[in-house]
Amino acid sequence: MTDNSPLRARTGAPLRLGTRRSKLALAQSGLVADAVSEVTGRAVELVEVTTYGDTSKEHLAQIGGTGVFVAALREALLRGEVDFAVHSLKDLPTAQPEGLVLAAVPQREDPRDVLVARDGLTFEQLPSGARIGTGSPRRMAQLNAYARSHGLDIETVPIRGNVDTRIGFVRSGELDAVVLAAAGLSRLGRTGEVTDFLPVDTVLPAPGQGALAIECAATSADLAAALAELDDPYTRVAVTAERSLLAALEAGCSAPVGALADLLVDGQAVNELRLRGVVGSTDGASLVQMSITGPVPTSHDDAAALGRELAAEMLAKGAAGLMGERAL
């Protein structure tokens, strides 16, 4: 069967994939590049873009949340310097900018958070007064809440840096453990360094965690159609519900909000989607954690409505007062 799409016909110049320069960004962009090359029949070259979030040493909440990792890539797209870009979906602000389209959300990796601790320790085995590093208010809130409810004594320590830097704090003895995303370590081939997978009942991940976003210019219709072949419909409805919750809470990417939508399976049939959300104060003293279950959404609007409904219930329970920074 012959594919006569315009993309396959233009086999000259490679497609240019915009990516951040970190090891993790390059690893996940490389995976996407291979998949895009497969569906388009064209070579794909990585174009490294430095973002403000990569160069700043300040904490994310001080410089505008994780959206600072995205802006430079989006500007490169709009200027035509790259053909498409790959982001960690949890870094994307919830508002889609004019002129760009979210062409694909591939199948999600493990959304959980993990612990990398000294001496192979699990979270439950950490000694009293253990120092746990994380740059995420969401993780701080839930770890501290769990510790309080189980009589554990921990100290959460704010840190920045790439995976090597963070794990280095443990190897040097400066920290007892750090918390990272399972998906990132998996894409780097470093799952073997994990000492504990944190259950989502203990720590809900960031909205969209473990998923990638492939974005291109709205004017690139042929490319958008080709990229759409990589879209996973279940992942897309799940992350749409999670991000709708985040948006309806009017919370920025670095607010202490966790969310996870998962499919409930009865036998072989997927019949419902459960969305869980949490907002907490970073000391763990106050936590609003709720869930909602409904039919598996069949459209973007249905998925977004589920997120808005849960957000309204959480706001009614006092979630707004726990978020610190609010997205205006």
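**Close-up views of a predicted model**

**Figure 1. Val114 of strand β5 and its partner in β9.** Val114 stands opposite Phe197 in β9. The model shown here and in the following views is predicted. The two strands, β5 and β9, run antiparallel and are joined by 2 bridges. On its other pairing, β5 meets strand β8 (residues 177-181), again in the antiparallel sense, over 5 bridges. Within that pairing, Val116 is the residue opposite Val178 in β8.

**Figure 2. The five-stranded open sheet.** The sheet is open, has 5 strands in the order β7-β6-β8-β5-β9, and shows mixed pairing. At its edges stand β7 (154-158) and β9; each has a single partner strand, so one side of each lacks a neighbour in the sheet. Strands of a sheet pair through backbone hydrogen bonds, in either the parallel or the antiparallel sense.

**Figure 3. Helices packed on the sheet.** Helix α6 lies across β5, β6, β7 and β8, and runs at about 175° to β7. Helix α7 (residues 163-171) also packs on the sheet, where it touches β5 and β8. The direction of α7 makes about 155° with that of β8.

**Figure 4. The two faces of strand β5.** Of the 5 residues of β5, 5 are buried, and the strand is mostly covered. One side carries Asp113, Leu115 and Ala117, and the other carries Val114 and Val116; both faces are covered. Asp113 itself has a relative accessible area of 0% and is therefore classed as buried, the limit being under 20%.

**Figure 5. Asp113 and two arginines of helix α6.** Which residues pair with Asp113 in salt bridges? One is Arg138, whose side chain meets that of Asp113 with an N to O distance of 2.9 Å. This pair links distant parts of the chain, with Arg138 in helix α6 (residues 137-149) and Asp113 in strand β5 (residues 113-117), 25 residues apart. Arg138 counts as buried because its relative accessibility is 4%. The other is Arg139, with closest N and O atoms 2.7 Å apart. Arg139 also lies in helix α6, and is 26 residues from Asp113 in strand β5. Both Asp113 and Arg139 are buried. Side chains of opposite charge can pair when their charged atoms come close.

**Figure 6. The surroundings of Arg276.** Arg276 forms a salt bridge with Asp201, with closest N and O atoms 2.9 Å apart. The bridge connects distant parts of the chain: Arg276 is in strand β12, Asp201 is in the loop between β9 (196-197) and β10 (212-217), and the two are 75 residues apart. Apart from residues up to four places away in sequence, Asp262 touches Glu272, Leu273, Arg274 and Arg276.

**Figure 7. A salt-bridge network.** The structure holds 20 salt bridges. Lys23, Asp164, Arg171, Arg190 and Glu193 are linked in a network of such bridges.

**Figure 8. The nonpolar cores.** The largest nonpolar core has 21 residues, among which Leu245, Leu249, Leu275, Val279, Leu310 and Met314 touch the most other members. Two or more residues of this core come from each of α10 (233-248), β11 (257-266), β12 (269-280), β13 (287-295) and α11 (300-316). In soluble globular proteins, nonpolar side chains tend to be buried together.

Figure 9. Asp119 is placed in the loop between β5 and β6. Its phi is near 60°, a positive value in a residue other than glycine. With a relative accessible area of 66%, Asp119 is exposed.

Terms used:
Residues numbered from 1 in each chain as written. Predicted model: local features only at pLDDT ≥ 70, side-chain atom pairs only at ≥ 80, totals over all residues. Heavy atoms only, no water. Core = buried A, V, L, I, M, F, W, Y, C linked by side-chain atoms within 4.5 Å. Buried < 20%, exposed > 50% of the residue type's maximum accessible area, 1.4 Å probe, protein only. Helix = DSSP H or I, 4+ residues; strand = E, 2+ residues; numbered from the N terminus. Salt bridge = Lys/Arg side-chain N within 4 Å of Asp/Glu carboxyl O. Pairing = 2+ DSSP bridges. Contact = heavy atoms within 4.5 Å. Axes fitted to C-alpha atoms, helices over the stretch in contact; angles between N-to-C directions.
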